[in-house]
Amino acid sequence: LLKALTAPLTTLAISGAVVSEELIAVLTRCASTLEVLALDGAKFGKGHLARVLGLPWPRLESLDLSNVGLGLDGAELVAAMKAPRLELLDLTYTRLTDAGAVAVLSSALLDTLKDVSLRANKLTVAAVAPVLKQKHALRLLNLKKNALRPAEVKALEKKLPGTRLSR
């Protein structure tokens with residue numbers, strides 16, 4: 001089935017997939033045309049995440065990596081992505097640390113991101129600090145099920161008047 005997938009593919013959603021060499025080959029062939037990529041719950045082998053996120057993604061607008069155990073190393077790979085049109089990024093339950101969230105939110109991706117989900121990662125207010133320090137296009141920042149206290153979220157809402165915070 002994967003061998004039949006070729007460019008110009010604009011949407012690819014594979015939940016819970018084991019990221020194999022065959023899938024990486026498909027993503028490599030289709031990276032230039034993909035606009036929506038959902039790899040929620042994907043299982044990446046050693047080095048596979050770096051190979052996928054290291055591809056140029058000139059048309060990618062939406063990326064779902066929810067339920068993928070990214071941690072700090074994976075967050076740094078996300079932050080380094082070449083995706084100049086990325087508007088939606090779902091990093092729900094990806095085992096992000098504050099440092100990982102800071103890496104993503106202080107990257108060049110913040111110039112185009114409009115909707116970011118950092119839900120269920122045990123983040124603190126420190127994770128959001130980069131958004132307060134630079135110009136951004138964020139309309140929605142999902143911080144539900146994190147370690148932010150209600151008072152901290154209210155303070156963030158005042159500092160980010162153009163951004164809706166989900167809590």
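1. Let us start with helix α3, where G71, G74, A75, V78 and A79 are the buried residues. Buried here means under 20% relative accessible area, exposed means over 50%, and partly exposed lies in between (1.4 Å probe, protein chains only). Seen down the axis of α3, these buried residues fall within an arc of 145 degrees, so they line one face of the helix. The arc is taken from the directions that run from the helix axis to the C-beta atoms. Their cover includes α2, β6 (88-90) and α4. Helices (H or I, at least four residues) and strands (E, at least two) are DSSP runs, numbered from the N terminus.

2. A word on the source before going on: this is a predicted model, in which local features need pLDDT of at least 70 and side-chain atom pairs count only at pLDDT 80 or more, while totals for chains, interfaces and linings use all residues. Residues are numbered from 1 along each chain as its sequence is written, and side-chain values use heavy atoms, with hydrogens and water left out.

3. How do α3 and α4 pack? Helix α3 (residues 71-79) and helix α4 (residues 98-105) meet at an angle of about 5 degrees, and their axes are 8 Å apart. The axes are lines fitted to C-alpha atoms, for helices over the stretch in contact, and angles run from 0 to 180 degrees between N-to-C directions. The two helices are therefore roughly parallel to each other; angles under 35 degrees count as roughly parallel, over 145 as roughly antiparallel, 65 to 115 as roughly perpendicular and the rest as oblique. On the α3 side the contact is made by L72, A75, E76, V78 and A79, and on the α4 side by A99, G100, A103 and V104. Contact means heavy atoms within 4.5 Å. By class, the contact has 7 nonpolar, 1 polar and 1 charged residues. For those classes, Ala, Val, Leu, Ile, Met, Phe, Trp, Tyr, Cys and Pro count as nonpolar, Asp, Glu, Lys and Arg as charged, and the others, Gly among them, as polar.

4. Helix α4 has its own buried residues: G100, A101, A103, V104 and L105. The elements covering them include α3, β6 and α5.

5. L109 is worth a look next, in the loop between α4 and β7 (115-117). With 3% relative accessibility, L109 counts as buried. Setting aside neighbours within four places in sequence, L109 is in contact with V78, A79, M81, A83 and L86. V78 is 31 residues away from L109 along the chain, and their C-alpha atoms are separated by 8.9 Å.

6. Now to helix α1 (residues 21-30), in which L23, I24, V26, L27 and C30 are buried. They cover an arc of only 160 degrees around the axis, which puts them on the same side of α1. The buried residues of α1 pack against β1 (11-13), β2 (18-19), β3 (36-38) and α2 (48-53). Among them, L23 has a relative accessible area of 2%. L23 and L138 are 115 residues apart in sequence, and 31 Å apart in space from C-alpha to C-alpha.

7. Which residues does S66 touch, beyond those up to four places away in sequence? They are L39, D40, G41, D90, T92 and T94. S66 lies in the loop between β5 (62-64) and α3, and is buried, with a relative accessible area of 7%.

8. In the loop between β7 and α5 (129-133) you will find N121. At 6% relative accessibility, N121 counts as buried. Its side chain reaches the backbone nitrogen of T94 at 2.9 Å. Not counting residues up to four places away in sequence, N121 touches L91, T92, Y93, T94, R95, L96, K145 and N146.

9. Finally, please check two backbone angles. Phi of A120 is near 60 degrees, a positive value in a residue other than glycine; A120 is in the loop between β7 and α5. Phi of Y93 is near 45 degrees, again positive in a residue other than glycine. Y93 sits in the loop between β6 and α4 and is partly exposed, with a relative accessible area of 47%. Leaving aside neighbours within four places in sequence, A120 is in contact with Y93, K144, K145 and N146.

Notes. Polar contact = N/O pair within 3.5 Å; in protein donor to acceptor, adjacent residues only side chain to side chain.
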